[in-house]
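Here are my notes on this one, written for someone opening it for the first time. Have a look at the model and then read through the points below.

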Amino acid sequence: MKLHRRELVKAGMSLGAGLALAGGRSLRAQTVDVAPTHFDDGTVRTLAQALAGRSYHAPPKDLPDSLAHMTFDQFSSIQFNPEKTLWGQDHLAFDVQFFPRGYLYKQQVDVFEVENGAAHPITCTADTFSSRDSSLNISAGEGFSGLRIRYALNRPDVMEECAVFLGASYFRAVAKGQNYGLSARGFAKDTGTPTGEEFPVFRAFWLEKPATGSQSLVLHALMDSPSLTGAFRFTIRPGETTLFDVQSTFFPRVDISAGGIAPLTGMYYFDANDRVHVNDWRPAAHDSEALQIWTGAGQNIYRPLTNPTDLQLSSFSDAGPYGYGLMQRKRSFHDYEDLALHYERRPSLWVEPVGNWGRGSVNLVEIPTPSEVNDNIVSFWRPQSPMKAGQSYNFTYRMYWGWDTPWPTHLARIHDTRVGAVTDHPDRVQFVLDFDGEPFRTLSDPASYHLVAQTSTGSIGAITLMPNPDINGIRAFFQLTPGETKLCELQVQLANMQRPVSETWLYRWTP
């Protein structure tokens, strides 16, 4: 569950070029037959459905010892041969490079290029990679572990990495001006449950060669695990916001009651609301600061993240949600003061369902972490009804990798959440919320507003509002008296005399 996220991020950014895959041999040999010439939009779905009817066989992981046990520094020392860049000489808006197998990424992944309705395997040859470390035997063409997509994202004359598919079913992307942060996955199974999590894998990719001048790239992926298979079609459009249009179909091998659709995974270490056990010189460190939900009933929920003492599971029941995401709102360097990691440049990731997903819940898993090395936050959509073996399930959605949500709002928004002690009342907890946004452009007098605050247990008091001219907004103070309880679910909205004017702030307090 805990991933070595810092090394994964570095792997996606520091290899001089990504690496390639062993042209199709493992997929054909170990799973189902792949026609070497024909490919259309139904090909991967057909493969996934056929694969689900067979017992699971993991993709090859066998490697020479020097590759299987290499360090991160050795993995980083491997260089991709730029002459092997897919479409590198074709003057297209995109090109693709590949990652080698080894270190944490032992699984072999097959990759195909699709052109004019035909799929051709991309092979790893003796000259695909090189390394200054003579102890690494990388000339045998051991295949690929993933791929990186490049695009002239920030400068018209420079091809830069804008998306990576590497490790299990993980993928990540950035928008213009951003650095890598949180990841997405193809599927989440048993996340945060006592049974232990299962990690499906992308075992093959098909890259459609884009037309000259096209600003979108289509990538197909075949997912597999002991419990299910899946077929994905990604349409990727990099830019000021990088868009992924995702069409997914799942074929369970077994009944799945704890499945997660469109899962998002990131890191939250600390911020002003949660740093009791953290001795760190920086103001904050996280990929994302909150879970945000736009419910099917039209409610806008903002739930700050925490780094809890014990694993925390939260479920937000809904029907036909408009979207959800892990958001990073703090965009100033001084919010983090980190010259190396630049958390202020990490993407927010918003998931917008296409079509009505029906009843279910947005789930949030918060896992204790002693450092920022581990991914410890997961969010996903869980359908209310279990997924049944032998059936198929379709989910279509759009992902926005960018600076904020893709839709404007007239509501006041949470600018910051701060939590601390009350010096003269050790039995109380002080909360300070800053609101900013559209309502205060015309009316910022605190006397015009009041705070609607409630808690599941304990009591709330000492409510005060005052102007915050630094953000042209309002600062709200209130105190929680939890009593003997070990958990309080808090809900707060700012309102005027007619109605609420802010998004709904939710918070789970634990001692």
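1. Is Arg-282 buried or exposed? Keep in mind that this is a predicted model. Arg-282 comes out at 5% relative accessibility, and because buried means under 20%, it counts as buried. To find it, go to the loop between strand E16 (268-270) and strand E17 (285-286).

2. What does the side chain of Arg-282 do in there? The side chain makes a polar contact with the side chain of Asp-338, at 2.7 Å. Another polar contact, at 2.5 Å, goes from the Arg-282 side chain to the side chain of Glu-372. Leaving aside residues up to four places away in sequence, Arg-282 touches Tyr-269, Phe-270, Arg-275, Tyr-336, Glu-337, Asp-338, Leu-341, Tyr-343 and Glu-372.

3. On to the charged pairs. Side chains of opposite charge can pair when their charged atoms come close. The count of salt bridges here comes to 26. One of them joins the side chains of Asp-245 and Arg-398, at 2.5 Å from N to O. Asp-245 sits in strand E14 (residues 242-252) and Arg-398 in strand E25 (residues 393-402), so this pair ties together parts that are 153 residues apart in sequence. As for burial, Asp-245 is buried, with a relative accessible area of 18%, while Arg-398 is partly exposed, at 26%.

4. Another salt bridge worth a look is the one between the side chains of Asp-287 and Arg-346, at 2.7 Å from N to O. This pair also links distant parts of the chain, 59 residues apart: Asp-287 is in the loop between E17 and strand E18 (290-294), and Arg-346 is in the loop between strand E21 (323-327) and strand E22 (348-354). Both Asp-287 and Arg-346 are buried.

5. Two further items on charge. The side chains of Lys-189 and Asp-190 meet in a salt bridge, 2.6 Å from N to O, and both residues are buried. Elsewhere, a network of salt bridges links Asp-271, Lys-330, Asp-416 and Arg-418.

6. Now the nonpolar side of things. In soluble globular proteins, nonpolar side chains tend to be buried together. The largest nonpolar core in this model has 82 residues, and those with the most contacts inside it are Phe-98, Phe-165, Leu-207, Phe-234, Phe-244 and Met-399. Apart from that one lies another core, of 24 residues, including Val-429, Leu-480, Leu-494 and Tyr-507.

7. Ile-236 is buried, with a relative accessible area of 0%. Among the residues that Ile-236 touches, not counting those up to four places away in sequence, are Phe-94, Ile-149, Phe-165, Leu-243 and Phe-244. The C-alpha atoms of Ile-236 and Val-218 are separated by 6.3 Å, although the two residues are 18 residues apart along the chain.

8. Which residues of helix H3 (residues 43-52) are buried? They are Thr-43, Val-44, Leu-47, Ala-48, Leu-51 and Ala-52. These residues cover an arc of only 165 degrees around the axis, which puts them on the same side of H3. An α-helix has 3.6 residues a turn, so residues three or four places apart point the same way. The buried residues of H3 pack against strand E11 (201-208), strand E12 (217-224), strand E13 (228-237) and E14.

9. Last, the rings. A search of the whole structure turns up 42 aromatic pairs. One of them is Phe-202 with Phe-232, an edge-to-face pair at 5.4 Å centre to centre and 80 degrees between the planes. Phe-202 lies in strand E11 and Phe-232 in strand E13, so the pair ties together parts that are 30 residues apart in sequence. Both Phe-202 and Phe-232 are buried.

10. Trp-357 and Tyr-397 form an edge-to-face pair too, at 5.8 Å centre to centre with 90 degrees between the planes. Trp-357 is in the loop between E22 and strand E23 (359-366) and Tyr-397 is in strand E25, so here the parts tied together are 40 residues apart in sequence. Trp-357 is buried, and so is Tyr-397.

How values were computed: Residues numbered from 1 in each chain as written. Predicted model: local features only at pLDDT ≥ 70, side-chain atom pairs only at ≥ 80, totals over all residues. Heavy atoms only, no water. Core = buried A, V, L, I, M, F, W, Y, C linked by side-chain atoms within 4.5 Å. Buried < 20%, exposed > 50% of the residue type's maximum accessible area, 1.4 Å probe, protein only. Helix = DSSP H or I, 4+ residues; strand = E, 2+ residues; numbered from the N terminus. Polar contact = N/O pair within 3.5 Å; in protein donor to acceptor, adjacent residues only side chain to side chain. Contact = heavy atoms within 4.5 Å. Salt bridge = Lys/Arg side-chain N within 4 Å of Asp/Glu carboxyl O. Arc of directions from axis to C-beta. Phe/Tyr/Trp six-rings, centres within 6.5 Å; stacked < 30°, edge-to-face > 60°.
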